[in-house]
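I opened my notebook beside this protein and jotted down what I looked up, one entry at a time. Please follow along.

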Amino acid sequence: MDETIKLLNKAESGLSGTIVVPGDKSISHRAVMFGAMANGTTNVSGFLPGDDCLSTIACFRKMGVAIEQEGDKVTVEGKGLDGLKEPNGVLDVGNSGTTIRLLLGVLSGRPFHSVVVGDDSIGKRPMARVTAPLRQMGAQIDGRETGNKTPLSIRGGQTKAIEYTMPVASAQVKSALLLAGLQAEGETSVTEPQTTRDHTERMLHAFGVKVTTAGKTISIQGGQSLQAADVVVPGDISSAAFFLVAGCIVPGSRVHLKNVGLNPTRAGILEVLKRSGAKLSIDEQVTTGGEPRGDMTISTSELSPFVIEGEEVPTLIDEIPVLAVLATQISGTTIIRDAEELKVKETNRIDTVVGELAKLGADIEATDDGMIIRGGKPLTGGKVDSHGDHRIGMALVIASLCANGPVELANIGAISVSYPQFFEHLQSLQ
Ligand code: S3P
């Protein structure tokens, strides 16, 4: 990881210009995985060439799948699920939670042995949420803490369907179980406590697989095969979020964002911005592969504080770090609750957001399940750290745009996990 420290300065004038938002990370992972499991050639355009999605490509190549990638174009030569081969080395997911959890679902149905590893952050994240139900389906899984932490070893095959009520709202867990269920005998049903992002369901449909959703229960019949499909990946609303917030808080700004994914299970940040009074216009355009997308324009806005809680949390979970930055610039008290899942992301994002923004003078307090921010005061300069978490790094860069002194940010290399062109795009607006 790049360990350089970058000096950042307050935005001298408003941000203005247009950004074509890079590909959605969640959808890019799934396009490669589903292409690798399908029969035929899958062409992906708009792929996100970030470190996480490159880890997914590397893992499937190790299972014998021919994958070509150049920039945002990927070609996957799928030979069906039976075309996946026992890897002759470890599968390294790097920093990617989506890769490891969905991969475990795929491997549960494959009649071979694999060892899955990741970086230090992955080594701290809970895997029992997927390994426990996958074992119930019949997969043999072991690892540190009896299968909760990497390295994990897995021998799959001969799985049977389950009906499973998920204790946590997690699209990664839901997706892993659907991918295992696809290969199991019988019908697998997964019930989530709250609706989470549904990219897996939408993309499986595009690959010819029948998945049914009834309320919060999603069901899949085992034994179906995937047929290759071309995927046009929309821009990542989680990446657009940094510029939506920057456009709101830097005085004199007007920013156009093109090609933003507008899947309602991901679009919570837009609802928060609207109810806080943001000057935001959205022009919904096309839907491809079941995923809606559009362009938007954000201008500097006078905002009211907000509350985020309950069912809304999964629709903006990855945007909370930058929404906390936004709240520091709004007079009044913003409350984020029901977000304990933040503790098991790339870092404990309650601790890292609160700790780092406090170093810049923010009045911010951690709670058991979120944070309280008393905003409206300018931030100060200071030395901060991404802690190797891409979204913490980018949120701090946005914070620096409204700080009254220089901000030094350590560990900026993490940003390439989801947004390799982040600094280039920010500079183009300045
Ligand atoms: C993701 C699901 C979410 C999200 C992550 C990507 C996915 O994680 O935070 O960045 O692609 O399915 P959880 O499933 O842990 O909530």
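In which helix is Thr 146 found? I find Thr 146 in helix α5 (residues 144–147), where helices (H or I, at least four residues) and strands (E, at least two) are DSSP runs numbered from the N terminus. Its phi is near 45 degrees, a positive value in a residue other than glycine.

A note on the source: this is a predicted model, in which local features need pLDDT of at least 70 and side-chain atom pairs count only at pLDDT 80 or more, while totals for chains, interfaces and linings use all residues. Residues are numbered from 1 along each chain as its sequence is written, and side-chain values use heavy atoms, with hydrogens and water left out.

**Backbone.** I looked up the peptide bond from Thr 150 to Pro 151 and noted that it is cis, with omega near -5 degrees. Pro 151 has its place in strand β9 (residues 149–155).

**Domains.** I have two entries here, domain 1 (6–23 + 234–428) and domain 2 (25–232), with bounds from an automatic or database domain assignment. Their centres, taken over C-alpha atoms, are separated by 28 Å. The contact (heavy atoms within 4.5 Å) takes 29 residues from domain 1 and 27 residues from domain 2. Between them the domains bury about 2,400 Å², 46% of it on carbon and sulfur atoms; buried area is the accessible area (1.4 Å probe) that two parts lose on being put together, summed over both.

**Salt bridges.** I used the rule of a Lys or Arg side-chain nitrogen within 4 Å of a carboxyl oxygen of Asp or Glu. The count comes to 25 salt bridges, and across the interface of domain 1 and domain 2 the rule finds 4. I also wrote down Glu 311 with Lys 216, whose closest N and O atoms are 3.7 Å apart. For Glu 192 and Lys 174 the closest N and O atoms are 3.4 Å apart. Glu 192 lies in the loop between β11 (187–191) and α7 (199–206) and Lys 174 in helix α6, so this pair ties together parts that are 18 residues apart in sequence.

**Lining by class.** For the largest pocket, I noted 10 nonpolar, 7 polar and 14 charged lining residues. Here Ala, Val, Leu, Ile, Met, Phe, Trp, Tyr, Cys and Pro count as nonpolar, Asp, Glu, Lys and Arg as charged, and the others, Gly among them, as polar. A pocket is an open set of points on a 1 Å grid over the protein atoms alone, where a 1.4 Å probe fits, with protein on both sides within 12 Å along at least five of seven lines; lining residues have an atom within 4 Å of a point.
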